[in-house]
Amino acid sequence: MPVITCIDDLKQLYRRRTPKMFYDYAESGSWTEQTFRENTSDFDQIYLRQRVAIDMTGRSTASQMVGQDVSMPVALAPVGLTGMQCADGEIKAARAAEQFGVPFTLSTLSICSIEDVAEHTNKPFWMQVYTLKDDDFMTRLFDRAKAANCSAAVITVDLQMLGQRHKDLKNGLSAPPKLTPKSVANMMTKVHWGLGMLGTNRRTFRNVMGHAKGVSDPSSLSAWFAEATDHTLNWDRIRQFRKMWDGPLIIKGIMDARDAHEALNAGADAIIVSNHGGRQLDGALSAIRALPEIMDAVGDKIEVHLDSGIRSGQDVLKALAMGAKGTYIGRAFVYGLGAMGEAGVTKALEVIHKELDTSMGLCGRTDVQTLDRDILMIPRGFSGDWE
Ligand SMILES: Cc1cc2nc3c(=O)[nH]c(=O)nc-3n(C[C@H](O)[C@H](O)[C@H](O)COP(=O)(O)O)c2cc1C
């Protein structure tokens with residue numbers, strides 16, 4: 001058993017154990033990948049202020065996100081095709097999150113369906129919803145989420161069109177994977193992954209297949225999705241979705257103060273400052289750099305969460321100290337899942353928890369709920385002074 005001390009250890013194992021097509025799918029951003037890279041490197045520009053000789057006993061990372069208790073304010077972000085990174089991946093990740101006491105968010109484009117995950121978990125999870133034109137599909141998705149007892153809906157608003165990721169086109173990404181001489185040769189070297197996939201019947205988009213009109217075979221799904229995404233989306237449409245869901249509603253993909261106000265007016269309970277992990281608008285600011293402007297605009301009126309670029313508990317600490325009430329990890333948990341299945345997701349959460357807890361203590365603080373900017377050294381002009 002390898003000794004895992006950080007998220008990067010999980011990433012190295014994940015790379016060795018998962019077919020290239022799926023590793024590349026997760027480990028890429030759109031076009032030049034500038035935003036993907038800066039999401040992580042911008043965290044390094046912020047420094048933590050070391051304090052000493054302060055009683056650091058009785059530390060707590062417990063908090064709430066949209067009124068729900070969490071053992072630390074770090075949820076698992078919705079990640080499409082998670083069940084291709086590891087057999088039954090969504091179920092495994094949801095179980096690990098449940099055990100750890102943090103929310104799991106199921107993607108609309110998941111391999112395990114809402115019903116699959118509900119059947120194999122004991123606590124409510126969150127449902128991510130893409131904004132699609134098909135009213136019937138949308139209504140049923142919300143109804144299915146209610147029936148599965150989901151405790152929050154996350155509406156993703158930054159994917160009206162798909163940002164191009166070069167590697168997915170070159171690899172011919174699909175679920176199940178297309179069998180070409182190259183992909184078969186690569187998959188044959190991933191024995192554990194292959195055995196897992198042979199042992200499950202969850203290998204296609206089970207949230208969509210059989211639920212969306214005109215999608216009966218997986219190969220038509222990408223064409224359906226491109227056609228189904230709503231280029232005309234506006235805030236009135238989002239208000240319609242608000243009416244379809246009476247539980248906590250989180251709007252994901254906010255990078256501008258004006259959009260944060262719109263989300264507030266649309267009745268959201270929380271927003272996620274996010275650029276989709278650098279997978280959509282390449283050239284956008286990193287999420288952590290966009291956070292201060294949004295905190296200033298709406299931070300006292302709505303719960304603000306953040307994702308994109310978090311790879312450590314120190315990153316979580318920085319986001320919380322800048323005012324975010326919650327954070328999400330996407331790739332960091334996928335690395336764990338691809339490396340070691342459910343145990344790997346648990347390991348990712350343990351790593352981040354330990355880093356958060358220890359770093360908080362070394363900053364002289366004992367409670368994640370009372371963090372503030374005093375523990376940070378943020379370079380002048382970090383958020384930018386733009387024309
Ligand atoms: C492989 C992959 C698939 C994703 N699929 C979805 C998705 O289906 N729905 C969604 O709202 N966001 C999706 N995202 C974005 C994540 O929810 C999240 O915003 C992002 O991963 C955060 O950045 P991080 O990976 O640097 O933590 C995906 C991200 C990755 C890496």
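Author: The model is predicted, and local features need pLDDT of at least 70, side-chain atom pairs count only at pLDDT 80 or more, while totals for chains, interfaces and linings use all residues. Residues are numbered from 1 along each chain as its sequence is written.

Reader: Why is Trp-31 called partly exposed?
Author: A residue is buried if 20 or more other C-beta atoms, placed from the backbone, lie within 10 Å of its own, exposed if 12 or fewer, and partly exposed in between. Trp-31 has 15 C-beta neighbours inside 10 Å, and therefore counts as partly exposed. Trp-31 has a positive phi of about 40° although it is not a glycine, and belongs to the loop between α2 (20-26) and α3 (34-41). Such helices (H or I, at least four residues) and strands (E, at least two) are DSSP runs, numbered from the N terminus.

Reader: What makes Ser-308 buried?
Author: Ser-308 has 32 other C-beta atoms within 10 Å, so it is buried. Its phi is also positive, about 100°, although Ser-308 is not a glycine. The loop that holds Ser-308 runs between β10 (303-306) and α15 (313-321).

Reader: How do you know that β10 pairs with β9 and with β11?
Author: Two strands pair if DSSP finds at least two bridges between them. Strand β9 (residues 270-273) and β10 have 4 bridges in the parallel sense, and Ala-270 stands opposite Glu-303 in β10. With strand β11 (residues 326-329), β10 has 2 bridges, also parallel; here Leu-306 stands opposite Thr-327.

Reader: What makes the crossover from β10 to β11 right-handed?
Author: A crossover is right-handed if, with the strands pointing away from the viewer, the path from the first strand over the helix to the second runs clockwise. The β-α-β path from β10 through α15 to β11 is right-handed by this criterion.

Reader: Which way do the residues of β10 point?
Author: Glu-303 and His-305 point one way, Val-304 and Leu-306 the other way, and all are buried. In a regular strand the side chains alternate between the two faces of the sheet.

Reader: How do the residues of the shell around the ligand divide into nonpolar, polar and charged?
Author: Ala, Val, Leu, Ile, Met, Phe, Trp, Tyr, Cys and Pro count as nonpolar, Asp, Glu, Lys and Arg as charged, and the others, Gly among them, as polar. On that basis the shell holds 9 nonpolar, 11 polar and 4 charged residues. α2 and α16 (331-362) each supply at least two residues of this shell.
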